[in-house]
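Here is a structure to read closely, with attention to the criteria behind each label.

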Amino acid sequence: MALNAASHSVISNKAAPINPATPPVDSDTNSVLASINADPTGQNAPGRDGGGKGIDRKVKTEKELEKERKKAEKDAKFKTKKAAQAVASGDKGGEKKGKKKVDEEQLGEYVEETKKGGKKILKPLDSSPFTKAYVPKVVESAWNDWWDKEGFYRPEYNVEHRSELAKKKGNFTIPIPPPNVTGKLHCGHALATALQDVLIRWHRMQGYQTLYLPGCDHAGISTQSVVEKMLWRRQKKTRYDLGRPKFLETVMEWKNDHHDWIVSVLKRMGGSFDWTREAFTMDENLSTAVIETFVWLHEEGLIYRSNRLVNWCTQLNTALSNLEVDNKEISGRTLLDVPGYERKVEFGVLTSFKYPIDGKKGEYITVATTRPETMLGDTAIAVHPNDDRYKHLIKTGAKAKHPFLDRLLPIIADNYVDSAFGTGAVKITPAHDPNDFAIGKRHNLEFINILTDDGCLNHNGGPFKGQKRFDARSSVVDKLMELGLFVKKEDNAMKIPLCNKCGDIIEPLQKPQWWMKMKELSKPAIQVVKDGEIKIRPETSERAYYQWMGNINDWCLSRQLWWGHQIPAYFVRIQGRDDDSSDNELWVTGRTLEEATKKAEDKFQGEKFTLERDEDVLDTWFSSGLWPFSTLGWPKETNNLEEFFPTSVLETGWDILPFWVARMIFLSLKLTGKIPFKEVYCHSLIRDSEGRKMSKSLGNVVDPIDIMTGISLQELKDKLRIGNLDPKELKTAEKYQNTAFPQGIPQCGADALRMALCAYTTGGGDISFDISVIHGYRKFCNKIYQATKYVLGRLGEFTPSNTVQKTGKESLSERWILHKLATASKETNEHLTVRDFSLATQVGYKYFLNNLCDVFIENSKAILEHGSAEQKESAKQTLYTALEGGLLLLHPFMPFLTEELFQRIPRRQDDRTPSITVANFPEFATLKVFHNPWAEKEYDLLVDVSKGLRSLTAEYAIKDSAQTFVHPLDDTTHSILQAPTSRSSILSLSGKAISSLTLLAPSDPSPTGSAVYTVGTSATVYLDIKGRIDIDKEIVKAKDRLKKANETVERQRKIMDESWKAKVSEAVKETERERLRVAELESGNFGKSITQFENLKIA
């Protein structure tokens, strides 16, 4: 049945008419808007209203006028092109061309008329300024709610509607790495969502029973810290003022508000999650899983209680994991701001002082430290056993006398000491240094804690008791000077451990905590990766996994917080005894209080006791480590667990590979006996355009919402000021914003953001994030939109063939584009299979832009205008198949735009696919009939020839009456160029500047007085420039260009050595090879042109 496809292409329904007269799609992506500028009735720039007839114009504010001025300055760089003469009936070509552009912002507020959850009401493409051109907020509206309501995202959909295919394909599951429920998502989350959703949508279209499982993490420390600050700011109250139950209620209310925002951003990004299965790490079942795991592992002896060193934050009053500690590198003396101190604190200084040897007047031993205050906790001095300087002290059992405390320090021998460093003597503070802790254990030294939980000197601090730790640092040095024991100070490069939540200096502190034994659990987790049961990509991440797991230490589980999973452990306080709470044997665990009581009764028979539950909560990573299976119902035996576990892929950042990924693997193996996922893909970290890590203090953290919706520079600055940055940091941040976003951030939309992030993902190093790249993909979106408008206008009343098939009547250009489609489908599937996201996006981009838009659509115009009825019908069928295939290929990357356009194109008979989300992804097996390398070779030659002709006319500004020549270099090329359709194809693709095209024979002499362009090894094209250029000027210019091209060639060859080939990804290799190829081609062309110009001067 013939359909007009302006609106939904539902079988048997005719759609509203569209304007069939559209100008040609320009081949230059940088001039898309300029081409749109030419005709308000066809292609339109965002915001252009076709003259504004019948539309009320609001009075512009100063802000709007300023935006319009800046936009106009930008648009002035583009040259306005004339619109092609319309040929279809109903043409509005008589309307005026080149009307002034209207900014997207001046379109006004878009109001979506579709009811929530309803199928989107699509307006005719030229009926509204909102639909005449690609406007992200318009194209992306309404679809998510409809997709969700229709159940396309549920794994059951393919089972119910594509049962045979789903049965054959099986399951594909990705659990989201749960974002912290602390607030806004950043570009790292956007990257993860884009990559995960590409895989999910690709597999869904292939027929898999797909599950993209959403959820959030309670983020214990981060969330509690934020809420405590809010409480103090608003009510001047602490959590202790509220009490634990009320405080937890307050945090839960705060969590619910922020959770809703996170969900809205994930939906805005186009994430195709099954929201009916959404999880939260403190949901009832996930909390049950946490308790079950802790009790189980404690019963097996893998979890134990011990008094050991932890990373202690004196501001948050809790232990931290290594992941929550940032190490700031300094090269020498540096003054840093520390929370709780009015003045900056000195770091990066090595202080040397001497201890007097007890009983030996005048004899001292000199030590050095970057933390002088810790000398109050010294319990020994260590030297190397072979150090001759101190052997006499070791032999005599000498001791050093503490100058401030009644304490003698034994001088011990230990191989850990480097005798060549400093004086070769090291002060040992077992309770405040990890290395000293190990020495203290080896030598059975006394462990003396000198600090309170909030960072002040305790009773062991002697005369310095009550002082803040860094105030005591100065006091200790002053006192050493007073006693004549101070030796010197010198700069010392070092790393300063900082709490990444509050910026406090982390203190190694001894605390009784719960720990998990790692050696036993790590072995099988290493083996499943070695055996290939779990594939970790890229290889660099796999190596990092082995390195971390091979040097793993026991895991500190306790956190001194209220928000989180309270540890299900109980101290057995036996009546009449004063026991140490760090004693592992005096603790029991239980899934319930009743179970714990029963354990205590069995263990301490005949004793009277009370049970005191540990007030601490578990490290957030503990519950996160159970995520792949707890979200599916474990420890219960559920259908979800049976159906979707193990999951298919975990996609995450490489930086949390050891902290999260490794823990999921060993916990899953221990608790379920299965691997948690079959593959881990680690994406790169996003850095700013200058390569710096994204940080609020630098002002380079970008909210993905701002990219999708657009934001002004002033609004970006306003958001900075809300962030409570230090005035100096604010100045630095604003400076970066002024440089990186001088015009703010333009509205790019979710599709462009997703496509750009995938294109960035090469599997190599970190990503240097540049907003201009994303905006470039936004222009690509417009290209797709306008190309589809053109095709729909040319199709008119059209019925696509029942199936994708070859008729045998296709012209060379048709066989070429269909071959390109088949090849693109093969390559896209191959690239996604090996997770080469960048190459996959390149394939889709090149197919749609370079092959379909720039070449085939341009070539088809001559056929549709002057061909026979049979030729026109064949061209239309091919146009449709090429467009449909392109939309399907791009859907995983650009879900909104492809759905919007898929719903507008006519559908094949009996094709009742309701949405592109569940349409069949192009497969080479289906398109193999179009595989035609010979047609590709033939037509590529014509395309390359036309590209050469366009390049020459552009280079020498020849706008009309161009005399050109094509000189084939062999008989095969000559034969192809002599084919009946070759000449017309070349002319249709070469532009209007060419008035004469002469085909030479291989034996003919080369033309003289011409600019030269080499088409590979097969042909050379020439542009006659006699009398049309300033020869001397062009020789100078050509020589300059030749020099630059040769420099590029030399540089590329140096880069692309053997070591380079082994290091970089295929995507990077492809880019650099193309850069070399282009440079070599330019070098040859300019060299030959210079020869022609110089001969012309002689003549």
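Predicted model: local features only at pLDDT ≥ 70, side-chain atom pairs only at ≥ 80, totals over all residues.

Residues are numbered from 1 along each chain as its sequence is written, and side-chain values use heavy atoms, with hydrogens and water left out.

Q: Why is the pair Asp274 and Arg154 called a salt bridge?
A: The term requires a side-chain nitrogen of Lys or Arg within 4 Å of a carboxyl oxygen of Asp or Glu; the closest N and O atoms of Asp274 and Arg154 are 3.9 Å apart, so the pair meets the definition.

Q: What does the pair Asp274 and Arg154 tie together?
A: Asp274 lies in the loop between α10 and β4 and Arg154 in the loop between α4 and α5, so parts 120 residues apart in sequence are tied together (helices, H or I, at least four residues, and strands, E, at least two, are DSSP runs numbered from the N terminus).

Q: How do you know whether Asp274 is buried or exposed?
A: Buried means under 20% relative accessible area, exposed over 50%, and partly exposed in between, with a 1.4 Å probe and protein chains only; Asp274, at 2%, is therefore buried, whereas Arg154, at 35%, is partly exposed.

Q: What makes a set of residues a nonpolar core?
A: Its members are buried Ala, Val, Leu, Ile, Met, Phe, Trp, Tyr and Cys residues joined through side-chain atoms within 4.5 Å; the largest such core has 222 residues, of which Met516, Ile707, Phe769 and Phe848 touch the most other members, and helix α28 gives the most to this core, with 13 residues.
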